[in-house]
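Okay, thanks for coming, everyone. I'd like to walk you through one model today, so let me put it up.

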Amino acid sequence: PVRLLERDAMPKWMDVSMKLTPGMPVWPGDPAFESVPVASIGDGDSCNLTRLTLSTHLGTHLDAPWHFCPDGLRVDELDPELFFGEALVVEVLNADAVRAEHLPASPLPRRVLFKTRNSLRPENAPFDTDFVAVAPDAAERLVADGARLVGVDGYSVGAHGDTGPTHQILLGAGIPVVEGLRLAGVPAGPCEFVVLPLPIAGGDGAPCRAFVRATV
C-alpha cells in the first residue's frame, strides 16, 4: 500500500505536443495539414481509415542535423537514447529572443527546453513571424556545455527571416532540435522528458509526440 501511495503522489506526465488539426498554422510555404477519410464504417466500409498530408516539420517536430547540414545525421540515424531522460526547462518569458545572458551560470545539462511567451499563444492562432527564437550566442553556449538535445516552444529554433545561424550552430554540432513544444503548464527547472519522432527513413525531420514530468 505504501508503494501505491507513493506512486500516486508522483507528478503526472504532461503531453506537451501540438494536436494535428486541419487549419493549424504551418511554416509559410509548407504544405497544409490535411486529414481525409478514405473509408468509413458509417458508409458501409469494414473500418475507418484516413489519409494524411503533412510536412516533416509540422506542429511539434524534430529537426535532424541533415535538415541544414549535408553530412548530418538523419532522423532514423539518431541515437534513441537522446529521446528519453532528464531535461532542464529554462523559462524566458519577457524577452524577444533567448540569449546567452538568459541561461543559468551553472553548466547546462544534456537536454534543455526553452519556455517562452510562445507557449501562451493558442495552438490554432495564425502563424506569427514575431515568435521567440534562440539567438546564436545562446546556441553557442549550448554547444560549449555539451547539450545533446534542445527543445523550443516556437515554430523554429531560429528567428523568422534568419533561421540559418542558430540551426547551423546546433545541427552542425549534431544536436537535434525539437520545435513546437507546448510548455505553458510546465514549471521551470528539472524534469523528465520523452519525445517520440516518427522513424522516417532518411528523414530531415519528423512529427513528434512529447511528454514532460516535473521531478520532485
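First, some bookkeeping: helices (H or I, at least four residues) and strands (E, at least two) are DSSP runs, numbered from the N terminus. This is a predicted model, so local features need pLDDT of at least 70 and side-chain atom pairs count only at pLDDT 80 or more, while totals for chains, interfaces and linings use all residues. Residues are numbered from 1 along each chain as its sequence is written, and side-chain values use heavy atoms, with hydrogens and water left out.

Let's start at helix 2. Just after helix 2 sits Gly146, with a positive phi of about 85 degrees. Within helix 2, residues 136-144, the buried ones are Ala138, Ala139, Arg141 and Leu142; buried means under 20% relative accessible area, exposed over 50%, partly exposed in between, with a 1.4 Å probe and protein chains only. Down the axis of helix 2, those buried residues fall within an arc of 160 degrees, so they line one face. The arc is taken from the directions from the helix axis to the C-beta atoms.

Now the strands, where pairing takes at least two DSSP bridges. Strand 11 (189-197) pairs antiparallel with strand 5 (84-91) over 6 bridges, and Leu88 has Pro190 as its bridge partner. Strand 11 also runs antiparallel to strand 12 (205-214), with 7 bridges, and there Glu192 stands opposite Arg213.

Last thing: how many disulfides (cysteine sulfur pairs within 2.5 Å) does the structure hold? The count is 0. Take Cys69: the closest cysteine sulfur, in Cys208, is 18 Å away, too far for a bond. Cys69 is also buried, at 12%, whereas Cys47 is partly exposed at 36%.

Methods. A disulfide is a pair of cysteine sulfur atoms within 2.5 Å.
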